[in-house]
Amino acid sequence: MKLRGWLLGRVGGALATILMVLLLNFVLFRLMPGSPDRALARNPRVSAEAIAAARVRWGLDKPLFPDQLVAYVGATLSGDFGYSVKYGGREVTSVIGEKIAPTLLIVGLGEIIALAAGIALGAWTGWRRGKFGDRVGTLSALILYSMPYFWLGMLLVTLFATTLGWLPTSGISTPGGPGGVAGIVDLLRHAALPIATIALGLIGQYAILLRSSVAEALREGYVLTARAKGLRDDRILRGHILPNALLPTVTLAALNAGYVIGGALTVEIVFSWPGLGLLTQEALQSRDYPVLQGIFLLLAISVVVANLLADLLYSRLDPRVRHGAAR
Amino acid sequence: MSGAANHNDARSLPAGANAAAPLLEIRDLRVSFSLEDGRRLTAVDGINLSVSPGEAIGIAGESGSGKSTAASAIMGLLPLNGRIDSGSIRYRGLDLVAEGAPLRRTRWREIAVVFQGSLVALNPVIKVRDQVAEAIELRLGEPANAAREKAKRLLADVGIPDKRLEAYPHQLSGGQRQRAMLAVALSCSPAVLIGDEPTTALDVIVQAQILELLDRMRHEYGLGLILITHDLAVIADMCDRVAIMYGGRIVESGSVREVFTNPRHPYTQALLGAAPDARAGRRTIKVLEGQPPDLASLPPGCHFAPRCPLADARCTEEDPPTVSYEDRVTLACHRYEPNGGALPAPVAAPYPVLELGKR
Amino acid sequence: MSGNVKLSVGGRILNRVSGGNLLLLLLRRWDARVALAILTLLALSGIAPGLFVGPLQTATTAEAAPLLPPSGVHLFGTDDLGRDLLNLTVHGARISLVVGALSAVITLLLGGGIGMIAGYRGGRADALLMRIADTFLILPTFVLALILAPILRELIGDQTEILGIRTTLLTIVAVIGITSWSSTARIVRSQTLSLRERTFVERARLVGLSPMRIIARHIFPNIRTVLVANGIVVIAGSILTESTLSFIGLGDPFQPSWGTILGNAQSAAAPSLGAWWFIMAPGGAILFTVIACTIVGNAIDELLDRDVRVRR
């Protein structure tokens, strides 16, 4: 079936890209002064034999190409991302692993809220194209789209946390705070502003994209047919326009899944939210390259996977792609 | 066509409707558009038309003659910068020009349209069957299942093969799509069908099939047909009467036999003479020079005067009145006197003639 | 039905819009006028900041008390070291200007060049170039920048200056160029593809002009406007990227950009202290500049688009 061939092609492409990313990662970080085992050496609990074994595993005594590269790829694929410099020789995988959940929480919820609100705003303004409601809505989306996430975060903290005192200014929980249900409430109170920041930052994109998709769909012939049929406005919007206009937006949402984690980085810094973002900043400041390398790999792979999922999603949703044109 | 009721009964007509008169009557319709630079463009300049049950009217003319605008006006689908300046459109006596309930109710259920570009007119992400069923469900109020079944039967009736009944528009061939559009148009059993270039861009065989389908509808169900096209052969085949449009006006109208055999208006003669007629053995074509008029800045007088070989001073000063002769032909041309209403003989317009095949 | 058939052609077919012509057309729209005014202000501040506010204040030359709210003396207030924020913001414009302009130049040269070649040549060269472009397109700009920046910094060193710009900033420019060229290349390529099929290019080919000649004399003038529109978008994006990188700490503390100022604000806990002016001044500058760029970019896009719709 033609579709399967195309799919395999995309998967193959994705794998090729991941390999290129690995290559890039390898080249970039081997350019750094100091060798990868220096972190291990710092850890007093690691024996001399273990250090020597690691050196062999990474091929550090052999030439850079191809031996070290192969060793690096092999090691990475088997889950050995190296050891953190800053965290006293702990495995990078464990260091990164414990910081993923908080990031996923705010990114996930932020995305969902942004998608829902952005679609609503985009449909509303697209339908009223050219009229006052459209101008106001589009201007708001434009403003949100043009500001750096972290700035938005800082403003929100200043307004809601400092001035109004409704929400805490930073962190993920109140130190020594309550557990159980009250603990969850506390968590949500702390997460509210970071989530709001991410959501507001993303709404602009979705709203603007959906608006232009709706505006374009309104010019299409099938809308005229629908009107000729005597259908009501909201039926035309929901039943005819949105199924077409949502396609690019859904694809964008899937694509964003890969990128938003990067954007959340700065938001976490603003809120001292203990996720990947804060970790990245610390790693940067302490020159902890193995950790940086691991984060980069994680983000790059998530982007590639997100792209693949976006393609798959689009192919399922658009019947023209799903069935292929007969003529 | 299974599922379609006979048009003249078993249908609840809107209150105040008259069941005996012509279905659609258009009187002195004027439609204009406002342009970006502030000018007004008169696309339809006072036309009169009527369609009775089972009757097929052809509207012929070049692009820009106003034919499609007239159709849009009837359906109430003019764009935002267009408006009906004056005149009336009556369906079974009900005034459609005033927006509101009568117009909305007649859309699709009484008057339907088949557009030219079927790929564009159909929603690409919705199954064709569902697009046919949509009007049945939402305008006729039938439950979803029944509507779907009816839609499938309709599609089969217009000749869509079984295995394509669940298809999406892009999976159908051009001819199949046009037939599907026809099914969509007929889904609410309208009394009048407007076809705007319904067979243009289709190959001859498919064209013949669709026209034959329309003809069947006409004779079996008394469907009133308005065929808008620049293809005179189609009108000759299908229609009882024809109206020739130029520059927003109907310059000649009458029975197809009379108008095509004895064209009187110079423009009609040009149209008929401009097509090489292989069957009649004619190897010459008449050459009509010039361009259609710019409807936003019209000179006074007859719109056709600049291109007319019979034009004189009066033609460029006065608008020719539309005169009806013996109720058989109407003409808008200074060359033909009112003559007390008796039909005058045609005056041949001396167009330059081009012989085909000559090097 | 109403005389408006949308002809969807592969790429957009454009009329030639000359430079002066473009400017005049833009100035007709009120939103583009405001946007261009803002951008002109930015450019002036960037070129000669000293004219407006005097020399850049440093930690040592700062005279006022720290964290003062806006007043008649200090229009935007002061930062945590007592520096006048108006002074810092205007000087910060220079960084944004330089980074924006250089990034746009690199991106347009690289992306435009590769796009034109790929679009014109077609075939394997095209496929290969686009594969490479896709890889760069996929990699998250920001993350890549994050990784490249410290590495380049280590390699080149902190303290060297080229043309009065510290290498840290050049690093950021290089990184933005490397990560942004691919989307420009795609856009230029699709334009080139549709131009290639037009008669005047066919004619040039038949006459026997060399490909380079054809590209330079026939294709390039027609995509000029697309490049300008794209360039403006790149400028906006690069200002945002640069501010984010600086915020994290990869910027130059001695030539603070708006992002660096915001980073300082964060470190000084300005949000918690309620020092809103510290946050508003540099952030507002970023906001207005990016919005202005977006408006101009959109306006150009709309000017080009109008030529496509065919009226029946």
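Predicted model: local features only at pLDDT ≥ 70, side-chain atom pairs only at ≥ 80, totals over all residues.
Visitor: What is the strand order in the eight-stranded open sheet of chain B?
Guide: The order is 6-7-8-3-9-10-13-12. The pairing is mixed.

Visitor: Which strands stand at the edges, and why is one side of each left without a neighbour?
Guide: Strand 6 (111–114) and strand 12 (323–325) of chain B. Each has a single partner strand, so one side of each has no neighbour in the sheet.

Visitor: How are neighbouring strands turned against each other?
Guide: By 20° on average, with direction ignored.

Visitor: Which helix packs on this sheet and touches strand 6?
Guide: Helix 6 (residues 174–186) of chain B. That helix touches strand 6 and strand 7 (192–196) of chain B. Its direction makes about 170° with that of strand 6.

Visitor: Now strand 3 of chain B. In what sense does it pair with strand 9?
Guide: Parallel, over four bridges. Strand 3 covers residues 56–60 and strand 9 covers residues 241–246. The bridge partner of B:Ile59 in strand 9 is B:Ala243.

Visitor: And how many bridges join strand 3 to strand 8 of chain B?
Guide: Five, and these two strands run parallel. Here B:Ile57 has B:Ile226 of strand 8 as its bridge partner.

Visitor: How many residues of strand 8 are buried?
Guide: Six of the six, in residues 224–229 of chain B, so strand 8 is largely enclosed by the rest of the structure. Both faces are covered. B:Gly224, B:Ile226 and B:Ile228 lie on one side. B:Leu225, B:Leu227 and B:Thr229 lie on the other.

Visitor: What does B:Leu211 touch?
Guide: B:Thr199, B:Val234, B:Asp237 and B:Met238, not counting residues up to four places away in sequence.

Visitor: Chain B has a four-stranded open sheet too. What order?
Guide: 2-1-4-5, with antiparallel pairing. Strand 2 (40–51) and strand 5 (94–95) of chain B are the edge strands, and each pairs on one side only. Strand 4 (residues 82–91) and strand 5 are joined by two bridges. B:Arg90 has B:Asp95 of strand 5 as its bridge partner.

Visitor: Which helix lies across strand 1, strand 2 and strand 4?
Guide: Helix 1 (residues 67–75) of chain B, at about 70° to strand 2.

Visitor: Which residues touch the most other members of the largest nonpolar core?
Guide: A:Ile203 and B:Ile244, in a core of 252 residues. Beyond its neighbours within four places in sequence, A:Ile203 has contacts that include A:Ala114, A:Leu121 and A:Leu144.

Visitor: Last one, helix 11 of chain A. Which residues are buried?
Guide: In residues 276–285, they are A:Leu276, A:Gly277, A:Leu279, A:Thr280, A:Ala283 and A:Leu284. They cover an arc of only 160° around the axis, so they are on the same side of helix 11. Just after this helix, A:Arg287 takes a positive phi of about 55°.

Definitions and conventions
Residues numbered from 1 in each chain as written. Chains lettered and ligands numbered in written order. Pairing = 2+ DSSP bridges. Axes fitted to C-alpha atoms, helices over the stretch in contact; angles between N-to-C directions. Contact = placed C-beta atoms within 7 Å. Core = buried A, V, L, I, M, F, W, Y, C linked by C-beta atoms within 7 Å. Buried ≥ 20, exposed ≤ 12 C-beta atoms within 10 Å, placed from the backbone. Arc of directions from axis to C-beta.
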